[in-house]
Amino acid sequence: MLVRFDEVLVTLDVGASDLSAWIEQNWVLPIEKNGDFFFDETDVARVRLIAELRSDLGVNEDAIPVVLRLLDQVHSLRRALSELSDAIHELPESAQEQLRDYLSDEHSRQE
């Protein structure tokens, strides 16, 4: 479900100038149609996060892009790990066992 710009302002109690600036800085990437912006669930969550970073946690404007990049990286890594896990579960049991043994041996060597 897409949410209009003005609905995001009211729902999240964010100023129009702030939200416009976040869009200009590519912190949030809504869809633009006929001069109006529409936000999906991910965009709304990101706006909420930015607002909380600023108001609740006191994160300054210079640090917000760094925080957003790090969070994007964490989400990408989690997605890649999930895909890897799914791929491992598709392997024959013997291959899964070899992988478990290898990882166990690696873990033992690192300790």
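Start by selecting Phe39, which sits in strand 3 (residues 36-39). Helices (H or I, at least four residues) and strands (E, at least two) are DSSP runs, numbered from the N terminus. This is a predicted model, in which local features need pLDDT of at least 70 and side-chain atom pairs count only at pLDDT 80 or more, while totals for chains, interfaces and linings use all residues. Residues are numbered from 1 along each chain as its sequence is written, and side-chain values use heavy atoms, with hydrogens and water left out.

**Phe39**

Is Phe39 buried or exposed? Phe39 is buried, at 0% relative accessibility. Buried means under 20% relative accessible area, exposed means over 50%, and partly exposed lies in between (1.4 Å probe, protein chains only).

Now show the neighbours of Phe39. A contact means heavy atoms within 4.5 Å. Leaving out residues up to four places away in sequence, Phe39 touches Met1, Leu2, Val3, Arg4, Phe5, Val8, Leu19, Ile23, Val28, Pro30, Val44 and Val47. Pick Val28 from that list. Val28 and Phe39 are eleven residues apart along the chain, and their C-alpha atoms are separated by 8.7 Å.

**Arg4 and Asp36**

Next, select Arg4, one of the residues that Phe39 touches. Arg4 lies in strand 1 (residues 3-4) and Asp36 in strand 3, so the pair ties together parts that are 32 residues apart in sequence. A salt bridge here is a side-chain nitrogen of Lys or Arg within 4 Å of a carboxyl oxygen of Asp or Glu. Side chains of opposite charge can pair when their charged atoms come close.

Compare the two partners. Arg4 is partly exposed, with a relative accessible area of 36%. Asp36 is buried, at 17%.

Move to helix 3 (residues 41-55) and pick Arg48. Arg48 is partly exposed, with a relative accessible area of 37%. Draw a C-alpha to C-alpha distance from Arg48 to Val14: it is 8.8 Å, for residues 34 apart in sequence.

Now go to Arg54. Which residue meets the side chain of Arg54 in a salt bridge at 3.4 Å, N to O? The partner is Asp18. Arg54 is in helix 3 and Asp18 in helix 2 (residues 16-24), and the pair links distant parts of the chain, 36 residues apart. Both are partly exposed: Arg54 has a relative accessible area of 29%, and Asp18 has 28%.

Glu61 is partly exposed, at 35% relative accessibility. How many salt bridges does a search of the whole structure find? It finds six.

**Last stop: Gln96**

Finish at Gln96, in helix 5 (residues 93-110). Gln96 counts as buried, at 12% relative accessibility. Zoom in on the side chain of Gln96, which reaches the backbone oxygen of Leu91 at 2.8 Å. Then show the contacts of Gln96: not counting residues up to four places away in sequence, Gln96 touches Ile88, His89 and Leu91.

Methods:
Polar contact = N/O pair within 3.5 Å; in protein donor to acceptor, adjacent residues only side chain to side chain.
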